[in-house]
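These notes are meant for a colleague who is opening this structure for the first time. Please keep the sequence and the 3D view at hand while reading the points in order.

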Amino acid sequence: MNDKNPKSSSGKFRKWFKRKHKKKQPDPYYLQDELSDGDDFMEDIYVSSLEIDPCTSTNELRIFVGTWNVAGRAPVGSLAVDLEEWLKPQDAVDIYVLGFQEIVPLKTRTVIGTEDPRKATNWNLLIGKALNESSDCPWLTPMLNPISSDSYHYVRNPGLEKRASFSAICDNTRMRGKPITQHRHHQQAVIGGSKYKLMASKKMVGVFISVWMKEELVTKYSVSNVKVSSVACGIMGYLGNKGSVSVSMSIERTSFCFIAAHLASGEKQGDEGRRNHQVSEIFKRTSFLRSAKDEHNLHPLTILGHDRIFWFGDLNYRLYNLEDNLARHLIQKKDWKALQEFDQLRREQEDGGVFQGWREGNIEFAPTYKYSSSNFNRYSGGVPSRSGEKQRTPAWCDRILWYGKGVKLLSYLRSEIKFSDHRPVSALFSTQIEVNKSSNPRIFSKDTIVPNIMPPEQIIFPLQGTSGNYEEGKATLLSLIVKDTEASSIHTKKL
């Protein structure tokens with residue numbers, strides 16, 4: 001039989017299948033990320049089968065994304081109350097993603113010296129207390145083998161259904177992007193009864209990210225490929241006073257990437273170009289490398305390969321060509337729309353300089369920077385200029401953006417914690433994840449899920465039975481086709 005004959009049944013099916021499930025053209029952003037072999041027909045069919053898999057459904061998750069520059073101040077016990085007010089722990093939030101900048105003073109010894117893991121640990125303890133204390137979690141009680149690393153991620157312990165295991169590893173910027181593996185100084189801490197579990201954490205000098213997920217969802221969904229990456233692009237382009245820390249993770253069939261960044265400061269003309277360049281460097285240099293064990297569970301390698309992407313932090317974009325006194329006048333009037341006309345980030349987006357195609361919520365709050373270090377109730381500087389204070393025009397330096405389909409912004413606001421010269425900013429999102437309907441393993445081999453469009457000789461092979469009789473198998477298949485045809489009252493020509 002000539003299965004390529006367009007008049008044959010097999011030929012008609014092949015032509016229909018190609019037309020029906022033609023692979024969608026990828027987004028231009030994704031062309032930078034992953035290249036596929038266009039000549040590999042079976043690979044195309046494999047990808048198409050994932051897109052149309054009838055065994056999946058979509059579930060909703062609510063993600064809280066927050067960013068805060070803490071100006072080098074160490075977390076203190078009294079901050080727990082303010083932090084809890086900012087995070088407002090409640091059942092409606094499934095995942096907390098928090099990015100901090102300047103958790104250490106940006107001095108020479110902290111920028112070029114050895115990382116101090118205690119800073120990240122202290123912040124995670126404070127965050128855990130804020131998220132879990134309302135659920136009577138003994139968060140601050142002594143833990144077994146307490147975590148002391150600046151970078152760690154969640155690993156499932158198959159022997160414990162309702163307990164979380166954390167593996168601490170030693171990681172630095174020279175190992176950024178490498179898959180997280182157990183270090184020879186491996187430590188574990190088992191914490192029971194927590195409402196939210198720490199999934200990933202990464203620190204680079206003063207930039208810090210911490211991701212928490214509701215415990216019941218950790219056991220409900222398949223959470224995999226939790227990896228971290230850091231990119232230092234500060235002094236000389238490679239020191240960690242500026243840059244990003246990122247977390248990649250998959251929940252069921254949907255991949256997420258969270259990027260906490262701290263970009264170049266400065267409000268002089270041309271400083272926006274340095275910030276744009278750093279964004280480009282972070283895109284190019286962030287990588288989540290695969291290991292041998294990832295062979296059958298491939299995860300995105302770069303930022304733009306993920307399904308849902310969130311970029312947040314002290315991006316440092318200022319107000320463009322606006323006199324200081326006029327900016328303060330518009331702030332006093334709360335004329336946010338007029339003030340946004342001078343927003344540097346949005347202008348750069350419109351001009352194609354950075355973040356093309358990315359989205360941000362409508363800003364309906366006052367600029368978050370720079371508040372006076374002597375009086376956090378007012379902005380620094382002004383007229384007349386106060387002695388010893390930096391003259392800075394207020395600006396929306398702290399931002400949250402996202403990229404990808406299936407994301408809906410529910411709120412975008414700032415908090416009034418008066419702890420540093422920045423105000424925290426947060427956004428609440430509703431996002432969709434693809435979930436397998438069946439209880440089968442999440443990852444299948446290609447042979448399992450590729451639609452069966454082989455030539456009839458290969459299709460019939462399983463029907464040959466113990467006799468191995470090809471004609472017998474063919475006759476069996478034909479009888480099945482006839483029965484199916486009669487049942488649906490559709491006339492089918494003989495093969």
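This is a predicted model: local features need pLDDT of at least 70, side-chain atom pairs count only at pLDDT 80 or more; totals for chains, interfaces and linings use all residues.

1. Ser-280 has its place in helix α8, and although 74 residues of sequence separate Ser-280 from Val-354, their C-alpha atoms are 7.9 Å apart in space.

2. Helix α8 also holds Glu-281 and Lys-284, which sit 3 residues apart, or about one turn of the helix. These two residues form a salt bridge, in which the closest N and O atoms are 3.1 Å apart.

3. Elsewhere, salt bridges that share partners join four residues into one network, namely Asp-343, Arg-346, Glu-360 and Arg-399.

4. Glu-115 and Lys-203 meet through their side chains in a salt bridge, with an N to O distance of 2.2 Å. The pair links distant parts of the chain, 88 residues apart, since Glu-115 belongs to the loop between α5 (108–112) and α6 (117–132), while Lys-203 belongs to strand β6 (residues 196–204). As for accessibility, Glu-115 is partly exposed, with a relative accessible area of 24%, whereas Lys-203 counts as buried because its relative accessibility is 3%, and buried here means under 20%.

5. A salt bridge also connects Glu-267 with Arg-318, and here the closest N and O atoms are 3.9 Å apart, which still qualifies because the limit is within 4 Å. What does this pair tie together? Glu-267 is found in the loop between β10 (254–262) and α8 (271–285), and Arg-318 in the loop between β11 (308–314) and α9 (324–333), so the contact ties together parts that are 51 residues apart in sequence. Glu-267 counts as partly exposed, at 38% relative accessibility, whereas Arg-318 is buried, with a relative accessible area of 4%.

Methods:
Residues are numbered from 1 along each chain as its sequence is written. Side-chain values use heavy atoms; hydrogens and water are left out. Helices (H or I, at least four residues) and strands (E, at least two) are DSSP runs, numbered from the N terminus. Buried means under 20% relative accessible area, exposed over 50%, partly exposed in between (1.4 Å probe, protein chains only).
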